[in-house]
Amino acid sequence: MKIGAFPAEAPFLPALAKLWLAAPQAPHEGLIILPSRRAAQALAGAFLAENGGKALLLPRIIALGAIEEAALALRGGLDLPPAIAPMRRQALLAQLILKMDGARGAPVRLPGAWTLAAELGRLLDEADYAGIDLAETLPGVVEGDLASHWQTTLEFLRIVTHHWPAILAARGQVNPAARLVGLIDAQSAAWADTPPAHRVWLVARDGNPALCRLARIVAGLDQGLLLLPGYDAELPDAAWETLDEGHAQAGIQALLAAIGAGRGDVSRLPGPAAKANAGRAALLSRALLPAAQLGEWQHQVPLDIMGISRLEAQDEAQDATAIAMILRDALEVPGRTAALITPDRGLATRVAAALKRFGVTADDSAGEKLLDTPPALLLRLLARAAAADYAPLPLLALLKHPLTAVGLAPEQCRDHAKILEISALRGPRPAPGFAGLRARLAPAGRDADLAFLQRLEQRCAPLALPGAANPTEALTALIQVAEAFAETADRPGAARLWSGEAGTALSDLLRDALASLADLPDICLADLPELLDALCAGSVVRRPRTKDGHPRVAIWGVQEASLQSVDIAVLGGLAEGVWPAMAEPGPWLSRPMRKAAGLPAPEAAIAAAAHDFFSLAVACGTVVLSAPARRERAPAVPARWLTRLNALLEGAGMALPVHDAASWAAQLDAPSERIARRRPEPRPPAAARPTILSISDVTTLLADPYAIYARRILKIRELAALDEESDQSQFGDIVHAGLAAFFADPAHITAPDAARRLARALLEAMRRTSPRAALDSWWAARLERIAGWIVEAERARRAALGAPLSIALEKSADMSVMGGFTLKGRVDRIERRADGQIAIMDYKTGVPPSANDLAAGTAPQLPLEAMMAEAGAFGPDLVGAVAELVYWRLSGRHEPGAEISLFSAKPDQLREMIDTARSMLPALFAKFADPATPYLAAPHPARQNPYDVYAGISRRAEWANDDSD
């Protein structure tokens, strides 16, 4: 057998190209089979580099997964049944899942069945690659001590053991993996019968049984050669005999055993490598010894850590910035190449964004998820908006998508969306659908906005599905609406939506889906977003290298990086659960069941990840190992290989050097010096200062003058929140409106059904605000309890004090203040009692201020209203000495209400408080009319503004902790 391996530290593809060209045969005569298309493309570049940049005819280079009859001229390949299309297979499996679960009476939805069908497809492929007939092996896997629920799972898997084979046989098709295995076996048989007259080299580090059979044939050919990438020749024989399933060399060991070879059959081939890399290979080989051989660590040997370092970032953001700076720093040396290699797509995206900060566009060969591309996002946002009946958040997200134009110029559409956002989408959620938005816009008479809303409604009409619809019909309607949304004034929507690599990939996927979904059960509109996500899940868009992509910087997934090497490599995402990923047995079978069925152990994926780590770490020139301390806001566990390496070095009194890039990243945005900011002291001219203040303005002015400056002088208003939750203030408005309507008719309180009348008035006030359905029921119960309490409290009050001589509700008034100023106020309820004195009542649905707050002046509302009443501001019928200030606390909860009478037992204190308000108010007006008086932000620690929305504008975070202020 001809089996060879380059030194682990040698760049594999350059070594392969050098060895191929050094042979006496013509370079173009022969075949090289590599594990992936990316490696095949990179080998072509290695041939060019080895030939000094001169053109040459290359041998045939193919990827193992791309074997087909035409490429290899297989004699038996043409006799194989065709493979079923993956999308069609998933649709048929989903149909079987729905039928089986439906027969059990379980609630079934198509999106979930589609996802389960994908998992079943993976199980089928795994079995085909392993050469396992599930119909034979699965029935006997639930035995012994296994839990009984596995029997239920096994019954469910009759889909793949009984129903699915019958479907394939009826269609005359096979699974894609089974066809690939058949093609490989056909090629093995062809070469066994008629050995090729040219060279055939196969690169493999592990493999399924079919690949092992091909490897045996290739290794036995006169001009054949089996190459083992990442072979660890330094591993002791004793360690080789005790390899566990997760070791980096486990795949190579299994491959050699399957073809009847051993370590002695592996020839060491020449390959260029730096001496530093040879020491690193020995270091990592020792660190990754199997558990049974870890006693070797006690024997001290020289350890070489040259060219390898550790990046210790605190979190993912710092990690991405530091890696980007490492890659950018590599470009300072002409000709030097650098790459980030990671299975973490989130890290790859962050690093690509950080590199753009330095003017570098990296080639991300792993591509991006189809779900995250602009065309797919438009369809997903549209499906969510329709399913939510065009609620504010999903509708606004749809309108702000860059492809949305609805027949207008894109910038014009953005302008309309901004106006619609402010006028109709902010604040509490409107009524469902476009009718609710139209009701918001109609009172303002915004004809242009109503026309834009009508344009949206007309384009969304195909998605107004009547109840359930066939998935193909629903998806067709979604595509029709998406094209209508992407249309501009001068370009059809289809031309914009399906352009580029992402548009082409999405159109191909949806074309297959439309043909496959027709026979599936109907879905409702609410299922459409989830179904669309399930359809696109797992699909990736790989773009060609962009013309502005840097030729010396790359971002690779682990599979794309296989067999490749660069001068500086950052191995990122070295954390448990990322690299390596969790070794999960899958949703269908436990580990013992997989073993009984003959399926590969989940730890085989760990071995492959370990091999990738070992190969890349020793073959690249300089290597940085990166694992942030925290991922996704939680502590991260470093990859097991890092832990082993650190333990080995610590035992020898050594440690990996820490790369400086984390410090670079920390300093990148840190200011060179801290500039202390003082509290803002705006002093507008007298003409700009308000001379008319409401009582609530006075309260704010005492606690936070800057808020008055921002609102009344700068005219800055806070926008309501999007899809704002109905809050306590709205509930308070309802209570105030209902009580005003009820007490407007004096006959209501004396009627026998007064509580029912008040409840009706409160509920009518609530209906006018159109709260959410859940709040409607919750608030209705509270309002009914409030109505009952108020009627009892009012009747008790009249029994004690007599019926009021006059009463006013929600009464507004103005009062002139010395110096040419005006105070405006509105009282919830003011009455002249039977004894002729004035009582003022305030309704609070929250927690009312205490008597101490009033006495301290931090809650001046009632004292100011009392002062206005005594000045006659509320009319001649309600002028006189104020004898009572009352809060009605109206919660409607376990304690529906409570009456809090302030200072009723302390008339002198009440009088002093009103007189103080009367004397201090002119001084307050005069003080803030003076151009020299600044409007300070939160000047009084004891007085807090509960509605401080201007803290950001006043930059409070910059000066609030400044002790020198």
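**View 1. Strand β5 is covered on both faces.** In strand β5 (residues 224-227), G224 and L226 on one side and L225 and L227 on the other are all buried. Buried means under 20% relative accessible area, exposed over 50%, and partly exposed in between, with a 1.4 Å probe and protein chains only. Strands (E, at least two residues) and helices (H or I, at least four) are DSSP runs, numbered from the N terminus. This is a predicted model, in which local features need pLDDT of at least 70 and side-chain atom pairs count only at pLDDT 80 or more, while totals for chains, interfaces and linings use all residues. Residues are numbered from 1 along each chain as its sequence is written, and side-chain values use heavy atoms, with hydrogens and water left out.

View 2. Two strands pair if DSSP finds at least two bridges between them. Strands of a sheet pair through backbone hydrogen bonds, either parallel or antiparallel. Strand β1 (residues 3-5) runs parallel to β5 and is joined to β5 by two bridges. Here I3 stands opposite L226. Strand β4 (residues 199-203) also pairs with β5 in the parallel sense, over four bridges. In this pair V203 stands opposite L227.

**View 3. Six strands form an open, parallel sheet.** The order of the strands is β7-β14-β13-β8-β12-β9. β7 (308-311) and β9 (363-364) stand at the edges with a single partner strand each, so one side of each has no neighbour in the sheet.

**View 4. Strands β13 and β14 run parallel within this sheet.** Four bridges join β13 (residues 568-571) to β14 (residues 622-626). A569 stands opposite V623 of β14.

**View 5. The whole protein, for context.** The protein has 39 helices and 22 strands. The C-alpha atoms fill a box of roughly 120 × 70 × 65 Å along the principal axes. The radius of gyration is 38 Å, whereas a compact globule of 965 residues would have one near 30 Å; the radius is taken over C-alpha atoms, and the globule rule is 2.2 Å times the number of residues to the power 0.38. Of the 965 residues, 49% are buried. Among contacts with a separation of 6 or more, 76% come from residues 24 or more positions apart, where contact means heavy atoms within 4.5 Å.
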